[in-house]
Amino acid sequence: MSDSGAQRRPIVAGNWKMNTTIDEGLALVDALLPLIGSESAVDRVVCPPFISVQAISERLKGSEIGVGAQNLYFEAKGAFTGETSAAMLAGLVTYVIVGHSERRHVFGESDVVVKKKVWAALGAGLTPILCVGETLAERDAGETEMVLRRQVRSALEGLTDTAGLVIAYEPVWAIGTGRAATSADANAGNAIVRDELAQVLGQDVAAATRIQYGGSVTPANAVELLGQPDIDGALVGGASLVADSFAAIVKAAATA
Ligand code: PEP
């Protein structure tokens with residue numbers, strides 16, 4: 001399944017990962033505001049570390065730049081040392097990244113855990129950015145399509161209200177490596193995700209859902225990647241830490 005994407009507003013989100021102190025994060029959004037504050041053809045989101053979420057949310061209040069968390073825990077509350085619930089994030093952030101490859105592969109999150117997190121986020125009125133993607137070994141074994149379909153189905157099957165859900169296709173081998181997928185491969189991955197979404201939640205949801213590409217997106221490759229019909233924006237790691245670079249990617253999304 002492929003799609004023109006004409007009806008989907010692009011969304012570019014910056015995943016700051018474990019970078020920036022509170023002051024550094026505030027300086028970064030202060031630099032971003034004049035660059036992308038009024039780029040209203042694109043949804044713009046920053047996802048700072050938990051420790052900075054409140055300060056960044058306050059600084060961005062009244063602006064059009066949204067804030068997301070990088071993770072959450074699916075339980076509502078209790079003896080889960082170090083974790084943060086969806087209810088704790090609600091009101092502070094609009095978005096939450098779920099199932100990022102570093103959560104899956106560094107911290108061992110399974111498909112079952114990712115599903116619980118997506119459902120917990122939606123239950124608290126947050127918009128999940130669900131990350132899916134194959135490892136290099138899976139790609140080399142010809143398993144990309146199977147992995148993407150499994151991850152999408154596992155996280156979303158049974159949902160009745162997706163409330164603006166965003167999905168990011170992020171090939172694990174492209175994240176933080178400087179080796180982005182080709183625009184054709186990235187678009188093909190997104191098209192598989194959209195096709196599985198249609199099978200799991202129906203054509204209308206599939207046509208309306210924004211599917212980002214993530215993995216070494218930079219100002220140099222953004223125009224080409226974001227111009228693909230099934231790519232509705234980007235999830236950006238390294239380049240989101242430099243205001244000019246993130247702004248250039250947002251502008252690429254606006255013109256794509
Ligand atoms: C990411 O963290 O989701 C990501 C895509 O990182 P990078 O842009 O650095 O590859």
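This is a predicted model: local features need pLDDT of at least 70, side-chain atom pairs count only at pLDDT 80 or more; totals for chains, interfaces and linings use all residues.
**Helix H7**

I checked the length of H7 next. The helix runs over residues 144-156, and at 1.5 Å a residue its 13 residues should span 18 Å. I get 18 Å between the end C-alpha atoms, so the two agree.

Then I listed which of its residues are buried: Thr-144, Val-147, Leu-148, Arg-149, Gln-151, Val-152, Ala-155 and Leu-156. An α-helix has 3.6 residues a turn, so residues three or four places apart point the same way. The helices are H4 (101-105), H5 (111-123), H6 (136-140) and H8 (183-201), and the strands are E5 (127-132) and E6 (166-169).

Most residues other than glycine have a negative phi, and I went looking for exceptions. Ala-163 has a positive phi near 40 degrees. I found Ala-163 in the loop between H7 and E6. Its relative accessible area is 44%, so I put Ala-163 down as partly exposed.

Lys-17 is another non-glycine residue with a positive phi, about 55 degrees. Lys-17 sits in the loop between strand E1 (11-15) and helix H1 (22-36).

**Largest pocket**

Lys-17 turned up again here. The largest pocket has a volume of about 410 Å³. Of its 14 lining residues, Lys-17, Met-18, Gln-70, Arg-103 and Phe-107 are the closest to the centre. I sorted the lining by class and got seven nonpolar, four polar and three charged residues.

**Cavity**

I searched for cavities of 30 Å³ or more and found one. The largest cavity comes to about 40 Å³. Its lining is made up of Gly-99, His-100, Ser-101, Arg-104, Cys-131, Val-132, Gly-133 and Glu-170. H4 and E5 are the elements that give two or more residues to that lining. By class I have two nonpolar, four polar and two charged residues.

**Nonpolar cores**

Which residues touch the most other members of the largest nonpolar core? I have Val-46, Leu-156, Tyr-213 and Ile-249, out of 67 residues in that core. Apart from it I noted another core of 11 residues, including Cys-47, Cys-131, Val-166 and Ala-168. Cys-131 is also among the residues lining the largest cavity.

I followed up on Ile-249. Leaving aside neighbours within four places in sequence, Ile-249 is in contact with Val-12, Val-217, Thr-218, Pro-219, Ala-222, Leu-226, Ala-234, Val-236 and Ala-239.

Definitions and conventions
Residues are numbered from 1 along each chain as its sequence is written. Side-chain values use heavy atoms; hydrogens and water are left out. A nonpolar core is a set of buried Ala, Val, Leu, Ile, Met, Phe, Trp, Tyr and Cys residues joined through side-chain atoms within 4.5 Å. Buried means under 20% relative accessible area, exposed over 50%, partly exposed in between (1.4 Å probe, protein chains only). Contact means heavy atoms within 4.5 Å. On a 1 Å grid over the protein atoms alone, a cavity is a set of points where a 1.4 Å probe fits but cannot get out, and a pocket is an open set with protein on both sides within 12 Å along at least five of seven lines; lining residues have an atom within 4 Å of a point. Grid points are joined across faces, edges and corners, and a volume is the space filled by probe spheres set on the points. Ala, Val, Leu, Ile, Met, Phe, Trp, Tyr, Cys and Pro count as nonpolar, Asp, Glu, Lys and Arg as charged, and the others, Gly among them, as polar. Helices (H or I, at least four residues) and strands (E, at least two) are DSSP runs, numbered from the N terminus. The expected span of a helix is 1.5 Å times one less than its number of residues.
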